Amino acid sequence: MTKPKRGTWNIEKNDQPPSQSVDDALNIPAMMQNLRQGNDARNLVMQDALDRQEMFQPETPLRSLDDLVVSDVTLAQIRAMLAKVVNHQFLYEQWGLNTIDPHGGRTAINLYGPPGTGKSFCAEAIAHALAMPIIRVNYAEIESKFVGDTPKNIKAAFAKAKAVNALLFFDEADSILGKRLTNVTQSADHGVNVSRSVMLLELDNFQGVTIFATNLASNYDTAFVRRILGHIEMPLPDHDCRKRLWQYHIPDKMETEPMEMRHLEQLANATDGLSGGDILNCVVTAATTAVQRTGRERVVKMSDFLMAIEQVKKAKQDIGGATPHVTRSVMGIDDLPPDVRQTYNKTQ
Ligand SMILES: Nc1ncnc2c1ncn2[C@@H]1O[C@H](COP(=O)(O)OP(=O)(O)OP(=O)(O)O)[C@@H](O)[C@H]1O
Ligand SMILES: [Mg+2]
């Protein structure tokens, strides 16, 4: 007896055609339809991922390390990080670091310090030194009101950075890298924990350069701390740095009273406790005052700078600006919900 072919029937046994063909029995059209729908769904997912990547646009860094005013110690730390990236091939292949540090492909740097001390500036300058475009990611941009979207946005940021070989800069990173929450009571809390676990996984799989910046380093989850190669403090500037910051922030084109070294000393003394960002504000305020005068008086005078310093100091005092200090309790792995714990364990 010949074996019935697919789509035929056995006439020896049954001279009546079956009520349903094998194709019908297998429901081929429905399978095709499912396949099409599957493809459509996959296409939608891919399209969604590409749309999300549009949120993250690479920029060409303009400011360089020559412009960044930091102490010699901080500069040496930054240069050490750059040396690791630039000499990666040599270090990991020729000198065999890959055997002891298989995840060493990535370089994650954390810049921490009070507001306005040049963390964003420094990230840009590092990208400039590496001749890489920079993608700035702000937590507000990647956090979505809808639970489940933040992890997709995190993935999209990494995917975009990989696609265009850009340095990935996470500003206000404490919101992303903070300690995972212990008492997960609401789905939003659960979402935060998932986002942080996704961040860990993405970081592990990324071979590029990531920079985090925060005012609240003490709030970092230890799992992140371990993955970060270098923690570089960006403190408030000392006297010497403040002098250089004043020099840097007064443009050559700006008409000022003749400025000598003693004037810079005076300005540096008067701005003790202020950041580079504050000094920038002082210069803008002083220039804005001076521009309202006419004739020969239309130059920025020392008195304008000193008055501006007082205004900036007062505003900081009244409105705040001191480094916020937040402490949260460290959570145990056992406190995580089971699915998050699973993701977390994979990252260990
Ligand atoms: N170390 C610095 N060297 C040169 N300029 C600086 C420095 N620090 C601050 N500035 C000036 O202040 C501006 C603001 O600095 P920046 O945004 O980099 O600070 P930040 O540490 O990222 O602040 P925040 O914590 O508020 O994000 C800079 O654009 C620059 O003009
Ligand atoms: Mg910043």
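Predicted model: local features only at pLDDT ≥ 70, side-chain atom pairs only at ≥ 80, totals over all residues.
In strand E4, the bridge partner of Phe169 is Ile211. Residues are numbered from 1 along each chain as its sequence is written, while chains are lettered from A and ligands numbered from 1 in the order in which they are written.

First, the inventory. The protein has 16 helices and five strands; these are DSSP runs, helices being H or I with at least four residues and strands being E with at least two, numbered from the N terminus. Of its 348 residues, 31% count as buried. Buried is the label for 20 or more other C-beta atoms within 10 Å of a residue's own, exposed for 12 or fewer, and partly exposed for anything in between, with C-beta atoms placed from the backbone. Among contacts with a separation of 6 or more, 78% come from residues 24 or more positions apart. A contact is two C-beta atoms, placed from the backbone, within 7 Å.

Now the sheet. Five strands make an open sheet, ordered E2-E3-E4-E1-E5, with parallel pairing. Two strands pair if DSSP finds at least two bridges between them. The edges are strand E2 (134-138) and strand E5 (230-233), each of which pairs on one side only. Neighbouring strands are turned by 20° against each other on average, direction ignored. For such angles, axes are lines fitted to C-alpha atoms, for helices over the stretch in contact, and the range is 0 to 180 degrees between N-to-C directions.

E2 and E3 pair parallel over five bridges, with Val137 opposite Phe170 of E3. E3 and E4 are joined by three bridges and run parallel; the pair I opened with, Phe169 and Ile211, belongs here. Strand E1 (residues 107-112) and strand E4 (residues 209-214) also run parallel, joined by six bridges. There, Leu111 has Ala213 of E4 as its bridge partner, and Tyr112 stands opposite Thr214.

How many residues of E1 are buried? Six of six. In a regular strand the side chains alternate between the two faces of the sheet. On E1, Thr107, Ile109 and Leu111 lie on one side, Ala108, Asn110 and Tyr112 on the other, and all are buried. E3 is also mostly covered, with five of its five residues buried. Leu167, Phe169 and Asp171 point one way from E3, and Leu168 and Phe170 the other way.

Helix H6 lies across E1, E2, strand E3 (167-171) and E4, running at about 170° to E4.

Next, the loops on either side of E3. Most residues other than glycine have a negative phi. Asn165, in the loop between helix H8 (149-164) and E3, has a positive phi near 50°. Glu172, in the loop between E3 and helix H9 (174-177), has a positive phi of about 50°. Why do we class Asn165 as partly exposed? Because it has 13 C-beta neighbours inside 10 Å. Glu172 counts as partly exposed because it has 17.

One more loop residue is Leu65, between helix H2 (28-53) and helix H3 (72-86). Leu65 is partly exposed because it has 17 C-beta neighbours inside 10 Å. Not counting residues up to four places away in sequence, Leu65 touches Ile78, Ala125 and Ala129. Leu65 and Ala125 are 60 residues apart in sequence, yet 5.0 Å apart in space, C-alpha to C-alpha.

Last, the ligand. Ligand 1 is surrounded by 19 residues, the closest being Gly118, Lys119, Ser120, Phe121 and Gly276; the criterion is a C-beta atom, placed from the backbone, within 6 Å. Helix H6 (119-129), helix H12 (239-249) and helix H14 (276-290) each give two or more residues to this shell. By class, the shell has 10 nonpolar, eight polar and one charged residues. Here Ala, Val, Leu, Ile, Met, Phe, Trp, Tyr, Cys and Pro are nonpolar, Asp, Glu, Lys and Arg charged, and the others, Gly among them, polar. Domain 1 (72-235) and domain 2 (239-319) each supply at least three shell residues, with domain bounds taken from an automatic or database domain assignment.
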